[in-house]
Every structure is written in C-alpha cells, then in structure tokens.
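Subject: Structure handover

Hello,

Here is the structure for your files. My notes on it follow below.

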Amino acid sequence: MKNWIKKHITRVDVGALYDKFGVNALTASILARRGITEGSDVQFFLEDDLRFMHNPFLFNNMEDAVDRILQAKDEGEKVLIFGDRDVDGITSTAVLYDYLTSIGVDVTYRLPSGTDPYGLNKDAVDSFEKNFGSLVITVDCGISNVEEIAYASSKGMDVIVLDHHTPPEVLPSPAIIINPKCADSGYPFKDISGCAVVYKVVTALRFAHTELYKNEISLLTAKINADKTSATVEVLKLQNLVEKARFSQSIASDTSIMETKLVDFLRGQQIFVWDEKTTSAILSQIFTNGAEFNCMDLRPQAAKISPAFATLSLEQLKAKSRLAKYNPSFDSEIMGFYNVFVTFMNAQIARQFPHNAEANERDLQLVALAALADIMPLKNENRIFIRHGIDSMNKGKAREGLKELLSLQGLLGKRLTATDLSWNINPALNATGRLGQPEIGLELFLEKNADARTQIAKKIIEMNNERKELGNQGWNYAVMQAKESIQKYGGKLCVIIDERIHRGVSGTIAGKLVNVYDIPAMAITFVDDNAIGSMRSCRGFEVLSLLDKMSDLFVSYGGHAYAAGFTFKKDRLNEFLAALDKFAPEIELSSSESEQINIDAEIPQDYLKPDLLAIVDDFEPYGEENRELTFMSKNLRICDAMIIGKTERQHLKLTFDLGKTKWPALFWGGAEFLHRDFDKGDLVDVLYQINRNTYNGVESPQLVITDIRKSM
C-alpha cells in the first residue's frame, strides 16, 4: 500500500504567502507545502514577464565573448560552431547559427556524427584550419575539452566555450568561458541548459548594437533625512544595465562636495535622476560652493511610454514594483529607480529594434525544448523560458521546422504543454543524434524551404521509430542481465554491458533501468575499440561523484548530477570493472520515494470544479523538481465504472457523482482494483491530477487517478 503524505502547514504559513504576494488560499497552501516561500522563488511561479530573467551580462566573461564575436564579424573571420548531438546541442547550434548568419558572420557548424566522441575533437580543428578558420565556439560542450582547446590554440585559433556541464578541476585554456556552473561565472542561477547559455550570449550580442553597450551610467537619488539638516545621496553605477558599484552617504547641510567621494564616483558619468527639479534643490541645500550636477531627468521621458509616470514619486514607484514585492533588495528608492530605468531602456530598445521581439520568441521556443530535453529543474528562469516558448507555440507562432514536426505529430493547433514536448517532440529530435545523424535535426530548423522541411520532419519521425525499435531490442538484452548485476553490486547499482546495444539508446536504457529498479544504472556498449557508456541516477546520488574516482580510465566523460556519459578503451574493461567493485559499495542512496505520494492539497467535494484547471495551469510547466499537482478528495461516490483498453494491463474509467456535476476519471492500469477493492456505488478517497481531455476538438476536464482507497 502506498503511503499518502500530506505535509502539515499552518494558517500562519498560508497567511504569510497570501498577505505578501496576494495569491489565493489554495495556491498559497500548495506553495507552502512545496517549501516555495521565499520571494526569489515564488516570483517564478507567479510571474511570466521577461523582466524577471537574469541579465546576460551577469556572466563575468560576457563582454569578452561579445567583443570577440563582433571582432570576427568586423574582420571577416571564419567562425566554427561546434555543438553536440542531442536536443540541447542541436538547438544551441541552431540559435547561435541563426543569429550569426543574420548579422553577416562567415559561420559554419559541425556536430559529432557517426562514431565521433562527445565534444570538440582534433579532426574538427584540423579541418577548420584548412578552411583558414580563426574562431571556434563550442556550444553545449567544450568545458571538458582541455587538450583539444589547447590544440586549437596552438593552431592560432581562439575558442569561446558556451557550456553548462559540470566543469573539471582544470578549465580549458586559453578560452573565453561562459558556463553558469563555473565557480567564478558571476551568474546567479547555475541550472540552465546549454541552449539557454547560447540564448544569453545572443541576447547580449543584440544589446551590443545599442548605445548603452559598455557605457557607464549613474542613477542618483537624494532625499532629505528626518532631522531636516542632512540628506542621503545614493548613486548606482551601471554598465550594460548591471550594477557595477554603489555610493551611499548621509551628508550634512553646508558640506563641501570635495569632502565627499561623490565627485570621483561620478566623474565622466552620464547621470540620470527622477524629478530633476526636486533633486537639484536637495543637492543645492546640502552642498556649499554652488556645486552643480549635470543630470538628465528620466521622468518626462518615461511618461511618454506610460503617462502614469508623470506624477509618481520614486517612493510610489517602489510601492508598485513587482520586483520589490518578491526581492527585499529592491525595496529602496535607488533600486526602485533602477527598476524603472531598466524597464524604460528595454522599451526604448524594443522600439529601436522591433524585429528583435520576433527573433527572441523563435529562440525561446528552442530554449524551452532544450530545458525539457536536458531535464533542467523547472524553477527560477527556466520556468519563464518554457512558459514563453510554449505560449508562443500556442499562439500559432511555432518557428519553422518545429511547425512541421508538430503538424506531423498531430499537435499543431492543440493546446501544448511541457509534457507534449517532452513525450513527442524531443524524443524525435534526439533520435537523429542517437542514430549518428544530428545534422538532420539541425537542418530542420535551418532549412528555408517549407516542402524540404516537411520531408526532413518525416525523416526524423522515421528515425524515431527506428530508435524505438533499437531501444526495445536493447531493453530485452538489458533485463536479462539486470537482476544479476543488481545483486552483484549490493542493490546499489545496475551495470549492463552488451555490444548488441546500439550506442544511441544506451542513455534511454540506463534511464529505464533507473525507472524500473529505482537505483543508479549504467548501459555500456562497444564501438570499434572503444567502450561507450551512459549513466543515469536517482535517490540523491550524483553520478559524477562515482565517475570522478575513475577518471584516469576514461578517454572522455562528463555530464550533469544525474546523467552522464563516458568513453574508455575496450581493452581497459577489466580495470573498469575492478574500479566498480571498489567504489560501488561507497554509493549512498536516499530512501525510495516510489511508495509514497505527496499531496499538495485536499479538495472538498464542493470545491472540486473545473476552475481548478486555472491553478493547475499556474504551476505549469511540470517536470524535474516540479511534479504535477496531486490533489486528494474524500468520500467521492462512484456512479459508473468501466474497464477499457486491450493491453494485458487494462485501465479503468470511472465517473464520480458530485451532485450537480459528474467528474470523469481515468486510472491507468487500475482495472484490477475494480470488484476487488471497490465497486460501483462505493464511496472512495482518491489521489489525482486534473488535466484536459480533448475529443473532437472539444476540451473537458478529467481526473487522472494516482491511487484510490475505499472510504472508511
């Protein structure tokens, strides 16, 4: 019997979220149960505005990367984008190639195909050298290519690494590295996809075409203190709309400006104020010697965009700020001013470059695919990436290539969710790389001819069907070894080694082993004289903690906390197995969650209504670290029950009588429960999700049952 867990929360917990963020009681209770209580986390569940994304120039090396790419453009250099064979690598390459070609860069791309290893290789460098290339940009790879990047440098090439994988102890050099997982990256959120890293670079490149790029700007506020004899002057120094320095000082009246550090701080700066008349009067009051400030008043300019700005003070603006509601650091006049300034400048840039909005939408659709495919945690700005990407598709604006693939999958025109993309689109795109031809997936997004894109999409679906068949074959080989392997490694690890497994499905098989046996798993096959493996994990065990201990065996390895790949020479197999024998006993796994179900909220019968779908939508997208909402309702009467399906494990279709309404429900694989645990007419307690059922173009809400018990 599964353990139903409804975490205890207090009215104080719910009330705090309700009062602070203005959410309804049900949403507040769900957030509280999930431990999402800090404003910096809550904002990404309640807000969709792109303004909540992090500035790309928070990456410490972003200016260097932008300048080097623009230098390549200006000097007519040849540029190579080297990507990866999976969805993240394909979309990363597409986003960067799209942008660089749009600004006239002489750029080509290369993805690992056939039996090529993961990451940049020397053959690619040699080939690029013959083409007189001078700049290599790795996307979704490169951080572990220390030797290959040094080799490229010896050939006179510069390298920019745009990656998100866990970095090794020794970083590649010389290279400009943009990777949120590097300790000194400066970026506030480390768990974005490789495609998102590329998107940040492209966003920064677009910004570099504005007059603001690299210009230092100061925002200044002055406010008379309560004692009426002094004033607080605050200055925020910005570059690329990112805070670079701050000045704050309480200054007594009749102070010489030379007695402060303000002159040096402001020297050479363009100074903006809000309400120049009032600010100048305050500065004149506190500074002797007729100190004058050459300031630009932002308020009348901002009022042209929003007339409400014309009469609002900074204190009033701060009170209206959504960012300040979630982030205490914005709860000051200077930060309120900063928020308005960024909003104003973004609006100005949008007017100056109107085509950027459409290009940004196209990019975010691919960023959304990558976040889901690479199983990024669905928190922080990943939620905004995916929401905007899916929203764009649902508005009929699916980009070229994606539109054709959606159409052939019967999804075009349907209300898409993250689940649709994860189950239908990403596996098809991944199939191209798994079968050694990732360039086909990339061509889908780069091809200009609609008929040609349709043919490519058909080819991709055929490849996905082939991949499924290879996966089924590989799984048959895996299950024959699984139980013996699990026993050998003390129930902590499952290792499958079989040359009949196609290398392209090793990751799929490792993942399925994890799902079935709930322990970390490896699937290894052989290609020529190499052993190529994939590892997937669960229950709190990070795969690199094991692979790092065996690093001297590998030709290459790398990945994320719960998914990684590795390659070693086939003749070192016995050494590899000996290392597993040594290190597997050290694996520590947290308790299994397969037999417990966490309940987000209990819904009384009177509140079980279709408008609950709005709450479900608010918590989209669902996936890694944001499971679907699970509700509980008690004493629901079954008024109809029907067994459906032709498979060995049949399903159950139920209808619950709630008086004025009847709720349809599906219980996948639940046919065995009927007549055994409950029957038609019984009262039952139910755990369920709520989703939409579409039939003949008509949407209706339905329950999808997770577990069910007869009411006591």
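Asn360 lies in helix α15 (residues 355-373); helices (H or I, at least four residues) and strands (E, at least two) are DSSP runs, numbered from the N terminus. At 13% relative accessibility, Asn360 counts as buried, where buried means under 20% relative accessible area, exposed over 50% and partly exposed in between (1.4 Å probe, protein chains only). Leaving out residues up to four places away in sequence, Asn360 touches Leu50, Tyr199 and Arg206; contact means heavy atoms within 4.5 Å.

This is a predicted model, in which local features need pLDDT of at least 70 and side-chain atom pairs count only at pLDDT 80 or more, while totals for chains, interfaces and linings use all residues. Residues are numbered from 1 along each chain as its sequence is written, and side-chain values use heavy atoms, with hydrogens and water left out.

Helix α8 (residues 194-207) has 14 residues and should span 20 Å at 1.5 Å a residue, which agrees with the 20 Å between its end C-alpha atoms; the expected span is 1.5 Å times one less than the number of residues. Of the 14 residues of α8, 13 are buried, so the helix is largely enclosed by the rest of the structure.

On the strands: five of them form an open sheet in the order β3-β2-β4-β5-β6, with parallel pairing. Two strands pair if DSSP finds at least two bridges between them. The edge strands, each pairing on one side only, are β3 (106-110) and β6 (176-178). Strand β5 (residues 158-162) is joined to β6 by three bridges, and Leu162 has Ile178 in β6 as its bridge partner.

Elsewhere, strands β8 (residues 230-239) and β9 (residues 242-252) run antiparallel and are joined by 10 bridges. Leu238 stands opposite Glu243 in β9. The hairpin of β8 and β9 has two residues between the strands, and Asn240 takes a positive phi near 60 degrees there.

The structure holds 22 aromatic pairs. Rings of Phe, Tyr and Trp (its six-membered ring) pair if their centres lie within 6.5 Å; planes under 30 degrees apart count as stacked, over 60 as edge-to-face and the rest as tilted. Phe21 and Tyr326 are stacked, because their ring centres are 5.3 Å apart and their planes are at 15 degrees. Phe21 lies in helix α1 (residues 11-21) and Tyr326 in helix α13 (residues 322-326), so the pair ties together parts that are 305 residues apart in sequence. Both Phe21 and Tyr326 are buried.

Regards
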